[in-house]
Each structure stands twice: as C-alpha cells, then as structure tokens.
Amino acid sequence: MVMTNNTNATQTASIAPTTATATAPAAADTPAPRLNFAKAAPKAFKALIGFDAAARDGLDPALVELIQIRASLLNGCAYCLHMHTSDARKAGEDEARLHMIGVWREARNFFTEKEQAALALTESVTLVSQGGIPDDVYGEATRHFDESELARVLALIFTINTWNRIALSTAKVAGEDERVAH
C-alpha cells in the first residue's frame with residue numbers, strides 16, 4: 001500500500017499477507033487512526049507551545065507567517081499551510097504575496113530584502129539534509145537580523161518544522177484548526 005502526504009514524499013507501508021474471505025473487512029482501505037499528540041504527550045506539547053511563543057516574541061507577525069507558510073509548503077503540510085495562510089489573511093496579509101511565497105525567488109519584488117533573507121534561511125534550515133546552511137544564506141540573514149532576532153527566527157523555523165512533522169505524523173486534516181481547543 002502506498003500512502004502519500006504530498007507529491008514529493010511517498011511512504012510505503014507493508015501489509016502482512018492475509019487470506020481474504022467474503023466477510024473480511026477491507027482493513028487496507030481504512031487508514032489506522034492516529035494518536036492525538038497533545039493528549040498523548042501533554043508536557044511535550046506544552047513545552048513546544050512555550051518554545052513557539054518565545055520564538056515569536058518580538059518578531060514581526062507578517063514575517064512569522066511568511067516563515068511558517070514557506071516551511072509548511074516545503075514540508076508538504078496541508079494542515080499547517082491552511083492554518084498559517086488563514087492567519088496571514090486575518091492579519092491583513094496581501095493575497096498576492098501569499099500566492100508568491102512558493103516562488104519568492106522569481107517574485108522578489110513582492111518581498112523586502114529582510115523577508116527574502118528569512119525565506120532563504122527557512123529553506124536552508126527546513127531542507128538542511130540537502131546541503132546544510134550555506135554561508136551566504138546565513139551571512140545575508142545576519143545583515144538583516146541582530147543576534148537576538150536571528151536566534152528567534154531560527155527558533156521559529158525549528159518550531160514550524162516540528163509542528164509540520166507532528167501534523168503529518170498524526171494525519172491532521174487541512175481545514176480543521178484545533179488550536180481553539182488548547
């Protein structure tokens with residue numbers, strides 16, 4: 001059975017061979033229920049919320065959403081992408097900029113140099129296994145962020161990547177926003 005979370009990542013799940021009968025349920029067609037991470041690991045969940053809040057502290061809310069949207073796009077996390085594009089719209093983000101985040105290098109005129117530096121850093125950290133953090137990307141970030149702000153930007157990138165992995169691992173459904181319950 002092949003399960004996909006996006007067009008770029010495919011996971012293969014092996015199913016033990018079974019003997020089919022006329023009354024046997026089609027278990028392979030029904031995905032297994034996933035755990036509720038917040039309930040199963042409340043201390044870890046609360047710690048991550050605290051880390052996320054500390055990362056955001058003092059950062060421009062528009063920049064926060066751009067970073068979260070870009071990482072969510074790269075990770076193929078529809079749940080987080082829907083959540084953060086919705087948050088950005090509620091905060092007054094320009095619809096045209098939201099459409100350009102995925103192709104920001106070709107649409108630089110939509111983003112400030114500081115935002116471009118944050119987007120490039122977000123890509124490098126999110127895709128760290130594909131080449132690390134290039135010196136030029138890190139250097140450009142240091143031109144636009146002081147040390148404390150850069151540390152919070154990095155922390156924000158770490159947290160959104162963690163949230164993406166939680167949402168993907170637990171099969172969160174895009175369009176549902178569970179934050180109101182916490």
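Predicted model: local features only at pLDDT ≥ 70, side-chain atom pairs only at ≥ 80, totals over all residues.
Student: What elements does the protein have, and in what order do they run from the N terminus?

Tutor: The protein has eight helices and two strands. From the N terminus on, the order is β-β-α-α-α-α-α-α-α-α.

Student: Why is Glu-115 called buried?

Tutor: Its relative accessibility is 9%. Buried means under 20%, so Glu-115 counts as buried. Glu-115 is found in helix H6, residues 113-126.

Student: What makes the pair Glu-115 and Arg-97 a polar contact?

Tutor: The side chains of Glu-115 and Arg-97 are joined at 2.8 Å, and the cut-off for such a pair of N or O atoms is 3.5 Å.

Student: Why is Pro-33 called exposed?

Tutor: Pro-33 has a relative accessibility of 78%. Exposed means over 50%, so the label applies to Pro-33. Pro-33 is found in the loop between strand E2 (10-12) and helix H1 (37-40).

Student: How far apart are Pro-33 and Thr-170 in sequence and in space?

Tutor: They are 137 residues apart in sequence, and their C-alpha atoms are 8.5 Å apart in space. For the protein as a whole, take the contacts between residues at least 6 apart in sequence: 65% of them join residues at least 24 apart.

Student: How do you know that the span of helix H2 is close to the expected one?

Tutor: Helix H2 (residues 42-56) has 15 residues and reaches 21 Å from its first C-alpha to its last. At 1.5 Å a residue, the expected value is 21 Å. Just after H2, Gly-58 takes a positive phi of about 85°.

Student: Which residues of H2 are buried, and what puts them on the same side?

Tutor: The buried residues of H2 are Phe-45, Leu-48, Asp-52 and Ala-55. They cover an arc of only 85° around the axis, so they lie on the same side of H2. Lys-43 and Lys-46, on the other side of H2, are exposed. The cover over the buried residues of H2 includes H1, H3 and H8.

Student: What makes up the largest nonpolar core?

Tutor: The largest nonpolar core has 26 residues, and those with the most contacts inside it are Ile-67, Ile-101, Leu-121, Phe-145 and Val-153. Helix H3 (61-75), H6, helix H7 (135-144) and helix H8 (147-169) each supply at least two residues of this core. H8 gives the largest share, six residues.

Student: Which residues does Ile-67 touch, not counting those up to four places away in sequence?

Tutor: Ile-67 touches Ala-118, Thr-122, Val-153, Leu-156 and Ile-157. There is also a second, separate core of 12 residues, which includes Ala-38, Leu-48, Tyr-79 and Ala-167.

Student: How many residues does the protein have, and what share of them is buried?

Tutor: Of the 182 residues in the protein, 36% are buried. The protein exposes about 10,800 Å², with carbon and sulfur atoms supplying 57% of that area.

How values were computed: Residues numbered from 1 in each chain as written. Heavy atoms only, no water. Helix = DSSP H or I, 4+ residues; strand = E, 2+ residues; numbered from the N terminus. Buried < 20%, exposed > 50% of the residue type's maximum accessible area, 1.4 Å probe, protein only. Polar contact = N/O pair within 3.5 Å; in protein donor to acceptor, adjacent residues only side chain to side chain. Core = buried A, V, L, I, M, F, W, Y, C linked by side-chain atoms within 4.5 Å. Contact = heavy atoms within 4.5 Å. Areas by Shrake-Rupley, 256 points an atom, 1.4 Å probe, with all protein chains shown as cover. Expected span 1.5 Å × (residues − 1). Arc of directions from axis to C-beta.
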